[in-house]
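Q: I'd like to learn how to read a model like this one, feature by feature. Could you walk me through it?

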Amino acid sequence: MSYTPPSDPVNKVTNKTIKISQLCELCHSRKAVIKRPKNLQKICKLCFFHVFETEIHNTIVTNNLFYKGERVAVGASGGKDSTVLAHMLKYLNEKYNYGIEIVLLSIDEGIVGYRDDSLATVKRNQQQYQLPLEIVSFKELYNWTMDEIVATAGIRNSCTYCGVFRRQALDRGAEKLGIHHVITGHNADDMAETVLMNILRGDVARLEKSTAIITKSKGSPIKRSKPFKYSYQKEIVLYAHFKKLDYFSTECTYAPEAFRGTAREFMKNLESVRPSCIIDIIQSGENLVLKQKKVHTNGQQNSNKVAGGFVDGNRCTKCGYLSSNDICKACILLEGLERNRPSITLDNDSSVDGAARVMRQLEHMSF
Ligand code: SF4
Ligand SMILES: [Zn+2]
Ligand SMILES: [Zn+2]
């Protein structure tokens with residue numbers, strides 16, 4: 001059987017006869033060109049745009065991510081996730097009248113051959129989307145570039161340094177702009193991967209927070225949200241491809257943490273046999289109810305925690321930035337780096353030990 005679809009006003013396709021079996025499962029009028037990675041539905045390009053955009057809009061509305069008049073900063077790296085995020089927020093903001101003001105906020109970690117090229121993409125995006133752009137660099141904030149950090153502390157913990165510094169840099173950049181909401185392009189794959197890693201590590205404290213769509217660190221007035229929480233990475237790539245978005249696809253020079261890489265690989269294998277596993281893992285994480293922590297009847301441990309701990313609004317005693325700990329995580333890492341700077345040319349192994357020591361110190365801090 002065959003069918004002649006109505007003309008496609010967007011793509012100006014001539015009315016070619018197509019087999020019924022090739023028709024889009026949603027509109028039943030255009031040819032299916034995509035098998036949706038999320039549910040394997042065969043759909044046309046226009047229906048894909050519509051369902052993908054509507055799902056993200058629904059996530060935003062259901063979770064009350066924005067309020068009218070809110071100024072938000074999109075963490076923009078030039079990669080596919082943040083490029084689609086900037087495009088999508090601008091589009092949905094205009095279509096559904098969210099009434100938000102969007103600013104692009106980029107972090108220059110100082111990785112030659114990677115970040116310098118991806119920042120060039122962000123600058124083009126700024127022109128394409130006509131959005132203001134603010135760039136904050138590790139060098140100006142910490143006097144270290146990631147290249148210098150890796151040369152000193154080794155490649156093994158590069159993502160830990162990078163993650164701690166970037167999180168704080170995004171907060172500082174947002175504060176500089178007077179913005180209290182940073183939106184990131186973390187997608188469903190990233191979230192499922194984090195849930196898996198926390199389960200495999202038995203890290204229940206982090207597990208609790210890992211599926212939240214809005215997070216806020218203790219001591220920081222800046223909240224973070226992830227509108228792509230339920231969006232599959234493959235669909236984000238498809239959307240960017242079909243919309244011909246300008247994004248940067250080179251991988252970072254420094255490989256991701258080995259454990260994360262293994263969890264990612266494991267999840268990709270699961271996804272190939274059961275595509276819904278990504279959403280299933282997220283939902284499992286959301287529905288896990290943790291046992292109540294034991295209450296210490298003599299109150300000793302709790303009172304120590306309060307005495308030594310920090311309440312919201314406290315500041316790092318070294319750099320003065322908001323921190324729930326006495327010294328912020330960035331300053332702890334910086335201390336370790338400064339200690340190791342002179343030893344690097346003499347004994348590279350001892351610098352790795354130093355980095356490992358700093359990591360252990362970090363694990364004992366409250367986040
Ligand atoms: S892969 Fe690691 S080092 Fe590279 S940008 Fe990401 S977090 Fe930073
Ligand atoms: Zn269709
Ligand atoms: Zn500090």
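Q: Where is the place of E251?
A: Happy to start there, and do keep in mind that this is a predicted model. E251 sits in the loop between α9 and α10 (258–273).

Q: What does the secondary structure of the protein chain come to?
A: The chain has 14 helices and ten strands. Of its 367 residues, 36% count as buried. Among contacts with a separation of 6 or more, 67% are between residues 24 or more positions apart.

Q: Which order do the six strands of the open sheet have?
A: Read the strands across the sheet: the order is β7-β6-β5-β8-β10-β9, and the pairing is mixed. β7 (133–137) and β9 (214–216) are the edge strands, each pairing on one side only. On average, neighbouring strands are turned by 30° against each other, direction ignored.

Q: In what sense do β5 and β6 pair, and in what sense do β9 and β10?
A: Both kinds of pairing turn up. β5 and β6 are parallel, over five bridges, and G75 stands opposite L105 in β6. β9 and β10 (residues 223–225) are antiparallel, over three bridges, with K216 opposite K223 in β10. As for side chains, in a regular strand they alternate between the two faces of the sheet. In β5, four of the five residues are buried.

Q: At what angle do the axes of α2 and α9 cross?
A: The axes of helix α2 (residues 80–96) and helix α9 (residues 233–242) cross at roughly 65° and come within 10 Å. The crossing is left-handed. On the α2 side the contact is made by K80, D81, T83 and V84, and on the α9 side by I236, V237, Y239 and A240. By class, these residues are five nonpolar, one polar and two charged.

Q: How many residues surround ligand 1?
A: Nine residues surround ligand 1, the closest being S158, C159, C162, C252 and Y254. Helix α6 (residues 158–176) gives the most to this shell, with four residues. Six of the shell residues are nonpolar, two polar and one charged.

Q: Which values of phi do L40 and Q130 have?
A: Most residues other than glycine have a negative phi. L40 is not a glycine, but has a positive phi of about 65°. It lies in the loop between β3 (34–35) and β4 (42–43), and counts as exposed because it has 10 C-beta neighbours inside 10 Å. Q130 also has a positive phi, near 55°, and is found in the loop between α3 and β7. Q130 has 7 C-beta neighbours inside 10 Å, so it counts as exposed.

Conventions. Residues are numbered from 1 along each chain as its sequence is written. Chains are lettered from A and ligands numbered from 1 in the order in which they are written. This is a predicted model: local features need pLDDT of at least 70, side-chain atom pairs count only at pLDDT 80 or more; totals for chains, interfaces and linings use all residues. Axes are lines fitted to C-alpha atoms, for helices over the stretch in contact, and angles run from 0 to 180 degrees between N-to-C directions. Helices (H or I, at least four residues) and strands (E, at least two) are DSSP runs, numbered from the N terminus. A crossing is left-handed if the near helix is turned anticlockwise from the far one by less than a right angle, and right-handed if clockwise. Two residues are in contact if their C-beta atoms, placed from the backbone, lie within 7 Å. Ala, Val, Leu, Ile, Met, Phe, Trp, Tyr, Cys and Pro count as nonpolar, Asp, Glu, Lys and Arg as charged, and the others, Gly among them, as polar. A residue is near a molecule or strand if its C-beta atom, placed from the backbone, lies within 6 Å of it. Two strands pair if DSSP finds at least two bridges between them. A residue is buried if 20 or more other C-beta atoms lie within 10 Å of its own, exposed if 12 or fewer, and partly exposed in between; C-beta atoms are placed from the backbone.
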